[in-house]
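Good morning, and thank you for making time for this presentation. I would ask you to keep the sequence and the structure in view while I speak.

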Amino acid sequence: MIDTVGGALADRGERSADAVLRELGIEALLDEGGSLLDAALVAEAAGREGIVAFPDERILIAAACVGMAQRALDEAAAYARERMVFGRAIGEYQGVAHPLANAATEVDGTRLLVWRAICARAERLAEAGRLDTQAFWWAARACVPAIKTAMRVFGGYGVSEDSPLPALYRGARAALYAGGDPDRVLTAPLPQPAATGPVSMSFTKDAEANAWEARTREFLADNFTAEHKRAFAAALDNHQPDLHRKLADAGLLFPDWPVEWGGSGASAIATSAVHRVLTRAGWPISVLVVSDSIGKLLMMFGTDAAKAEILPRLARGEALACLGLSEPSGGSDVFGAKTRAAHDGGQWIVNGQKVFTTSAHIADYVLLLTRTDAGLTLFVAPLDAGGFDLAPVQTLAGERTNITFYSDFPVPDRYLLGEAGKGTKVLAATMSLEHNQGDYYLGAMGLVQEELRAGFDTLVLLPGIPENLPAIRHARRRFDAHVALLECLSLRAIWAGDAGQSQRWYGPMCKLFGTESWAGCCAELVERFAPHSLDTAIPALAVVESEARSGIQATIYGGTSEVQRSVIAETALGLPRSR
């Protein structure tokens, strides 16, 4: 549909756009059996030609502006691949690639949020009005800046009237600003969008996910107390062994693992629902998620002996695993690993050093990245074999991580992952599993939402807060809008991975937007509630401030935001390698 409408408009010659749309039957689309989602696709296609096809429908105005922004980004990406400066395509420079990656992420997320708002109307959900508002706000926040970013890529030509970009810029502003400052929509009364006919997709949890969510809530009601929540908040390692084992006994530790390995064969979306309930209650899932990911790597690449030994222990909550990837000289460059592994005829002997090996002091196994004569090689190795030592590192967020040392550290052959020297395939799977963990970022932000909601009546009585309430309300609405868009990116990454439909940029977009939103939105709330947000005696604000610090760390761990931007630029926009 996008190709048909876009092609007809692009080839219209001297004919008016309205005439072409009439010939295509666009004006009658919503009256004669078409869905609002179909109309959104048409609106985006028309937007790529600078045309607002449905000027009276706010959600379709947002879709049109997504089209305008996408056209600008496509033009800029093509130019960045071709334009040479100092013997290199300008798309190789991070100063060009990274702003485009930021813009592409937000525009892609806005498109998904538009679709989600339409689905909510079709399903007659109570949140339809809120999602409609958030989608329009994001269109204003993401699309006009994206077009400006594209202009800068072109330099002087980008602001020339010979370029299509000025017209797209004016068109998007005219459409989005016609009703006034779009920032005001977040705190305005919510609209009541008219219900629409059925559409071909849904962002709503299915019956299976709802059942797992209810099961998790019941578990928490029976086992998770306020004291447990306080203990998690004060803990250095986000782990309470007794609770971890209880979660395993209840079948809630790894629901999507196959039954043969101690899971229930639940869907990825159902497992996500479990994670969301846990994290919003104040149960951090970082330790759980790492063991989950390493268990899944074992299922994909492990030997039969390693799977038989390790997977049941992880599933029962009796053992934990940690990540031994980053090194002092490499950071996010896992492909530059220098830790050496050599085979002595009976087993592998490892020598080297890792940094930021979180949970190594409580873990039983480590996912260990090494370099052998044949190339990169990975193991899931037990940490009780001797030749292993560690030193604690305290982080800004009050979390403990570790520097780990391997000195003639023995690893039997059965702990090899995949083939020796062919660790790139395993690393790709590792990164995919890690970057798709939108539940982790959403959980942190969901906890902040819950704490503010529960404690707000008390917070508004603090000195100086009543005078700042308009700014606080707006900050909370922006926070909620970031969560709504992140939910879309996360759902897409989870669904696509489960359905075998994933694209290489889905996980990095989720990781980039999720961690930057986590850090930025929490930091804004710290400012709005200052100075009380720096007082650890106020529980809700202590959570806000703590998560602001944790968010900073999250933008670094698992591949920095800069690494994610490079991946997005190269895969989603087709730019040359910028690392």
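**Charged pairs, cores and cysteines**

The count of salt bridges comes to 34, where a salt bridge is a side-chain nitrogen of Lys or Arg within 4 Å of a carboxyl oxygen of Asp or Glu. Before the individual pairs, please note that this is a predicted model, in which local features need pLDDT of at least 70 and side-chain atom pairs count only at pLDDT 80 or more, while totals for chains, interfaces and linings use all residues. Residues are numbered from 1 along each chain as its sequence is written, and side-chain values use heavy atoms, with hydrogens and water left out.

Let me begin with Glu227 and Arg230, whose side chains meet in a salt bridge at 3.0 Å, N to O. These two residues are three apart in helix 9 (residues 226–234), and therefore separated by about one helical turn. Helices here are DSSP runs of H or I with at least four residues, strands are runs of E with at least two, and both are numbered from the N terminus. Glu227 is partly exposed at 48% relative accessibility, whereas Arg230 counts as exposed at 53%. For these terms, buried means under 20% relative accessible area, exposed over 50%, and partly exposed in between, with a 1.4 Å probe and protein chains only.

Next, Glu545 pairs with Arg549, the closest N and O atoms being 2.8 Å apart. Both lie in helix 18 (residues 539–554), four residues apart, or about one turn of the helix. Glu545 is buried at 18% relative accessibility, and Arg549 is partly exposed at 23%. Elsewhere, salt bridges that share partners join Glu44, Arg48, Asp108, Arg111 and Arg492 into one network.

A further pair is Glu213 with Lys205, at 3.3 Å between the closest N and O atoms. Here Glu213 is buried at 17%, and Lys205 is partly exposed at 35%.

I turn now to the nonpolar cores. A nonpolar core is a set of buried Ala, Val, Leu, Ile, Met, Phe, Trp, Tyr and Cys residues joined through side-chain atoms within 4.5 Å. Which members of the largest core touch the most other members? They are Phe54, Ile147 and Phe529, in a core of 124 residues. Helix 6 (residues 128–154) gives the most to this core, with 17 residues. A second, separate core has 67 residues, including Ala270 and Tyr365.

Consider next Thr377, which sits in strand 7 (residues 375–382) and is buried, with a relative accessible area of 0%. Its side chain makes two polar contacts: a polar atom lies 3.3 Å from the backbone oxygen of Gly375, and the side chain reaches the backbone nitrogen of Gly421 at 2.7 Å. A polar contact is a pair of N or O atoms within 3.5 Å; within protein, one must be able to donate a hydrogen and the other to accept it, and residues adjacent in sequence count only if both atoms are side-chain atoms.

Finally, how many disulfides are there? The count is zero, a disulfide being a pair of cysteine sulfur atoms within 2.5 Å. The sulfur of Cys119 is 9.3 Å from the closest cysteine sulfur, in Cys488, and is therefore too far for a bond. For Cys143, the closest cysteine sulfur is that of Cys65, at 5.8 Å, again too far for a bond. Cys119 is buried at 2% relative accessibility, and Cys143 is buried at 0%.
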